[in-house]
Amino acid sequence: MSTAREHLPGCPPWPDDFARRYREAGYWRGETFGQLLRDRARDFGMHLALVAGTHRWTYAELDARVDRMAAGFHALGLRARDRVVVQLPNVAEFYEVVFALFRLGALPVFALPAHRASEIGYFCAFTEAVAYVIPDRFGGFDYRGLAEQVKAATPTLKHVLVLGDAGPHTALASVPTEPVALEGPAPSDVAFFQLSGGSTGVPKLIPRTHDDYLYSVRASVDVCRFDRDTVYLCALPAAHNFPLSSPGVLGTFYAGGTAVMALHPSPDVAFPLIERERVTVTALVPPLTMVWLDSAQAKRHDLSSLKVLQVGGARLSDEAAARVRPTLGCALQQVFGMAEGLVNYTRLDDPEQLIVTTQGRPMSDADELRVVDDDDVPVAPGETGHLLTRGPYTIRGYYNAEAHNARSFTSDGFYRTGDLVRLTPEGYLVVEGRAKDQINRGGDKVAAEEVENHLLAHPSVSDAAVVAIPDKFLGERTCAVVIPRGEAPAASALNAFLRQRGLAAFKIPDRIEFVASFPQTGVGKVSKKALRDSLRQSLSTPSP
Ligand code: OOB
């Protein structure tokens, strides 16, 4: 396998001197995910890799299934570097499909089950995807109709592969064939695309290579001490970076442990699984943590196997953090990460005070951090500023987004996270806020501009600004502030309009307010800060 193959067009590579340094220092070891699974199957083939629904697959079985699926994909005509939008819930087949694509060198684009025609249509068109993998139905939604709609609009899309009843499409179960020899990707090749939470009109795609992502998995496994005895419960959507690789299911496979899939993260589904499978670690976003804490008090299930609860994706309040150990009887680990790269963890043996009040420190000594003011000048130690980062697993640019990359990265390659942080004397990060135009709805990221653009397409909307309003449960909710054209439409009609345009449900505004004008900044732009402040004052009454 060569490591010097030409990079995928549109994916900014690390500069040669950095790549050389990362290889020499042993961060990038020239491994691929396809080979990793092969190695685990060789070393502990009979060990249980994956529990999902009625499936209980050993490493050997997963490995063999992946070979057959990869051969089937090849027989369908899929080739290295072809993009495949994967939108599967937390099922065993998620990993069968994704590892098969890895072995082929085809590139999964990780969509979330919540995405609808607007997002999926965009991912398929923008990546010129050749295939789209879906469940027949999930969460009360039929994905086959969505696929028909997207297929009709996307000339490159040749295959819709369905887990379950395929309808007019191809059954995923009909794909696997006898294994064939495949050349496979180089470690420096892009392995897949993650999605950015984003702050712009359309979601950005994040190219991650085998080299860089495997390093982040390996370092995460080290920090979180995953091993063969680890039983990891995947309760968050499998495609998200947190349960995928921090250390997540990929970390579990790296360590030779067992991953257990929960189709839904509610205590009703997750607690019986923890009890039955003796789960040792899992990952949640803050609102789910609150739900779990409340349910655990009823003590209807034996959760005593659980050693660590990881919480991340949005800011966990210090108060909720302090409740985890006394209520669940396990350690808390705060995780502050991003699909673009950098992941921070509190360490398992940190003093409780650091675990409860900070969002951890970088997993790697090679992560470079800068905390700067609006002019990119470093702030005084302990002051709050913009977090910039660079390192062996933080991307150097989004896929095919040259203009945006010029704004999101410094000229020397630091990623502008859009997060406002301060560093404690111990070198731990505390997330104090956000400078990016995004709403963090309990871990689900909503780019304001994306929703605004959809609102602006409505004939009765003259202007729109989407901002966060505080929420006890989710941390933040979305509020769309709208200047109507003529008579104001009903809020419910606007939301129905957004839904009809195929926007994921978590992006539909929680509240809509109509105003005659927006507060302006000095340079005549909408002042979202002033909007948020005035909403905070006026919204003491609940939404009708
Ligand atoms: C994770 O990844 P993304 O890409 O969905 O979102 C990244 C953004 C961060 O830039 C930050 O704004 C926010 O989510 N965030 C947090 C946080 N963890 C993420 N804000 C405050 N406190 C935290 N603990 O969300 C993600 C990726 C890997 C691991 C964990 C989370």
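**Notes on the sheet and the domain contact**

1. Strand 1 (residues 48-52) runs antiparallel to strand 2, and four bridges join the two. Within this pair, Leu50 has Trp57 of strand 2 as its bridge partner. Strands here are DSSP runs of E with at least two residues, numbered from the N terminus, and two of them pair if DSSP finds at least two bridges between them.

2. A word on the source: this is a predicted model, where local features need pLDDT of at least 70, side-chain atom pairs count only at pLDDT 80 or more, and totals for chains, interfaces and linings use all residues. Residues are numbered from 1 along each chain as its sequence is written, and side-chain values use heavy atoms, without hydrogens and water.

3. The open sheet has nine strands in the order 2-1-13-12-14-15-16-17-18, with mixed pairing. Strand 2 (55-58) and strand 18 (361-362) are at the edges with a single partner strand each, so one side of each has no neighbour in the sheet.

4. The domain assignment (automatic or from a database) gives domain 1 (25-45 + 57-212) and domain 2 (438-539). Their C-alpha centres are 34 Å apart. Twelve residues of domain 1 and 14 residues of domain 2 make the contact, meaning heavy atoms within 4.5 Å.

5. Which residues form a salt bridge with each other? Lys507 pairs with Glu119, with 2.8 Å between the closest N and O atoms. The rule asks for a side-chain nitrogen of Lys or Arg within 4 Å of a carboxyl oxygen of Asp or Glu, and it finds one salt bridge across the interface of domain 1 and domain 2.
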